[in-house]
Amino acid sequence: MNAHLFPQPVARNRSESYWAIVRRQFWKRRLNRAACAVIALLFAVGLLADFVASDLPILLSLEGETYVFPNLLRPPELRRWDNTLLLEEMGENDWAVMPPVPWGYNSHDLSSVLSPPGPGHVLGTDSEGRDVLSRVVHGTRVSLAVGVLSVVVVVLIGVVLGSVAAYFGGAFDLLLMRLVEVVHALPTILLLVTILSVVMLSGWASVVGMMLVIGLVGWTGVARLTRGEILKVKTMEYVEAARALGYSHLRIVARHILPNSISPVLVSATFAMAAAILIESALSFLGFGISPDMASWGGLLSDGRKHADAWWLAVFPGAAIFVTVTVYNMAGEGLRDAIDPRLKV
Amino acid sequence: MLPFVARRLTWMIPTFFGVTLVCFGLMRMANADPITADLQQGLSGRQISSEALEHLRKLYDLDKPWHVQYGKLVGRLVTFDLGNRWQDGRPIAEVLAEALPITLLLSFLSMALAYLIAVPLGVFSAVKQHSLSDQALTVALFVLYSLPSFWVGTMFIVFLASGQYVSCGFQGEPGCFPLQGWHAFSGFDQMSTGEKILDVAWHLVLPVVTLTYNAFAALSRYMRAGMLETLRQDFIRTARAKGLSERSVIFGHALRNSLIPIITMFGLTLPQLISGSVIVESIFGIRGMGFVALEAIRLPDYPLVITIVAFTSVVTMVGILVSDLLYAMVDPRIRLDGSEAA
């Protein structure tokens, strides 16, 4: 047990490498496998959102013309159409393959505003007659995009600053720790809301903006962790050997130190994913996040706060956030236990 | 002790400058001087001559280089010369003095509740490790920990307070709990002290629960882990070998030692509660600091926003300092003279 508690140089000749052990420990637990399955499902829904819910068919044959993936490619001649109109207008020789949810996330069904879950709209509609299920499906894409990209930003900034501070020490270290303290002292939500209210983006730009600002305030945890791990590894003999061989600082850090100190960062990144998704939905809930023309879970939920008679607006998007955050936390804990149960991440 | 506090307070100065620099950067980014804000919004619709504009710029120091402006901002923050808010011209200090006690009440109640429940629950769970109740508790705490508070708050409003689904008919409120505010809007001043306390308590049930359970779940998990770690130590075996009762081993020896990491959590929980209160106050319409801040951002009234951000940052820094001091007080192994603990 004790042999793999600490990150070691990867042993290529031994029967089982460090990562193979971690992987085995991780897969051993049923909960971890379940969490990964749900994460995979979420990604599938996010990536294929246009095929799950769209206002145009997946395949369409209209007046002798065949369209492949009009839901994705949006041919200009179909711009004024949607599934409802098509079904009314289609002749005998026309046919279409509909997505399971025949509503776009921005198609307004004004005949049913705030209608409860039922056959037409499986999870009901919001205050503008938009299908809740379609918005939840497309919200998955937004949430995961914000989560993944802000974690990339978090890890990049955190690892670079953390390793520079720990490897060079001295003034670098002092400066980083001051910076970490400043970011810790600032009230995250207020800061983010202020920045986002100043920038005011719309569409996918609001998603990118969101991911950048979440990344900019979220990197401190990873930086501190990287710093601590590198301080531990830095004095080891193989680092000294690398230095004696005359390798550059970059090579020593990137090829020799980081691979042996990165595993806790991986755990932290998984938790950061949950945190980023939570913050994104909280900001959208407060009305400062993803712009309303995009579908987001938090935005739907804030509609639920305004319309108390429409319980489905509060229940479903909230459940989506809850499930996503839970599975990431679960995967993070599983990973932590597989790497080192005593790790304090 | 004193030199430690002095040194830590000195270290706060660069952090404070960092925080105010971020605030100043935000202000510049927003280009938020009252003149352009007024012109952009076209509130008055009046034409302004370039001389008058120049005069106004001079008045608000907008003609000065940035470091002079920044220096003035810090000077005003330090001397509590905060100015008035744009919305209604009330002094910012007065607005904050009104909002702060409400947020403090919320945070204090939450913190106290979280610790009061988390410590016994964590101990119970650790002592009964692997039992069915421990496993059930662990799952429940994990779920609570991942439950987004703005969802819980919204569900409370929709199902308990809106009157759409349940109704109790207290004080003319539609649901079983009030929809808005931290006390009754009408007739609160006429109530006797007892009635006032009851009224506030009734108003704060849902907000406090919403604000508390996340911190409570995190604390319980830490408490359980810390207790398990302590129970494995040699001195616990010694205590048992001496023939001490299990009660005395757990409460006299193990609990005291595993409380230490929990106390440091105080410093980390504080910023979470502050962030949480922004959301909770916005959901439940409670006019605390978070509510005022969001209102100011919506307007936008950036000087007020920046005052609140700077102010909360200082509170957070002090909170972390206090938790470090508490840590040293309960654990004699930690010395505050700068050398690492033995």
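I start with a helix pair in chain A. The axes of helix α10 of chain A, residues 220–234, and of α13(A) come within 10 Å, and they cross at roughly 170°. This is a predicted model, so please hear every value in this talk as computed from it. An angle over 145 degrees counts as roughly antiparallel, and α10(A) and α13(A) are therefore roughly antiparallel to each other. On the α10(A) side, the contact is made by A:G221, A:V222, A:L225, A:T226 and A:E229. On the α13(A) side, the residues are A:P264, A:V265, A:S268, A:A269 and A:A272. By class, this contact has 6 nonpolar, 3 polar and 1 charged residues.

The next pair in chain A is α6 with α15. Helix α6(A) covers residues 132–168, and its axis comes within 11 Å of the axis of α15(A), with a crossing angle of roughly 30°. Which way do α6(A) and α15(A) run, roughly parallel or roughly antiparallel? They are roughly parallel, because the angle falls under 35 degrees. The crossing of α6(A) and α15(A) is right-handed. From α6(A), the contact takes A:V132, A:V136, A:G139 and A:S143. From α15(A), it takes A:W312, A:L313, A:F316, A:P317, A:A320 and A:T324. Sorted by class, there are 7 nonpolar and 3 polar residues, and no charged ones.

Now the sheet in chain A. It is an open sheet of 3 strands in the order β2-β1-β3, and the pairing is antiparallel. Strands β2, residues 65–68, and β3, residues 95–97, stand at the edges with a single partner strand each, so one side of each is left without a neighbour in the sheet. On average, neighbouring strands of this sheet are turned by 10° against each other, direction ignored.

Strand β1(A), residues 59–62, pairs with β3(A) in the antiparallel sense over 3 bridges. With β2(A), which also runs antiparallel to β1(A), there are 4 bridges. What stands opposite A:L60 in β3(A)? That is A:A96. In β2(A), the residue opposite A:L60 is A:Y67. In general, side chains in a regular strand alternate between the two faces of the sheet.

The C-alpha atoms of chain B fill a box of roughly 90 × 60 × 35 Å along the principal axes. Chain B is divided into domain 1, residues 11–78, and domain 2, residues 98–330. The C-alpha centres of these two domains of chain B lie 37 Å apart. In the contact between them, 11 residues of domain 1 meet 9 residues of domain 2. Which helix gives the largest share on the domain 1 side? Helix α1 of chain B, residues 2–30, does, with 9 residues. The domain 1 side divides into 9 nonpolar and 2 polar residues, with no charged ones.

The last item is a helix pair in chain B. Helices α7(B), residues 149–161, and α10(B), residues 246–284, pack at an angle of about 20°, with their axes 10 Å apart. That makes α7(B) roughly parallel to α10(B). The crossing of α7(B) past α10(B) is right-handed. From α7(B), the residues are B:S149, B:F150, B:G153, B:T154 and B:I157. They meet B:G276, B:I279, B:V280, B:I283 and B:F284 in α10(B). By class, this contact has 6 nonpolar, 4 polar and no charged residues.

Technical notes:
Residues numbered from 1 in each chain as written. Chains lettered and ligands numbered in written order. Predicted model: local features only at pLDDT ≥ 70, side-chain atom pairs only at ≥ 80, totals over all residues. Pairing = 2+ DSSP bridges. Helix = DSSP H or I, 4+ residues; strand = E, 2+ residues; numbered from the N terminus. Axes fitted to C-alpha atoms, helices over the stretch in contact; angles between N-to-C directions. Parallel < 35°, antiparallel > 145°, perpendicular 65-115°, else oblique. Left-handed = near helix turned anticlockwise from the far one by under 90°. Contact = placed C-beta atoms within 7 Å. Nonpolar A, V, L, I, M, F, W, Y, C, P; charged D, E, K, R; others polar. Domains from an automatic or database assignment.
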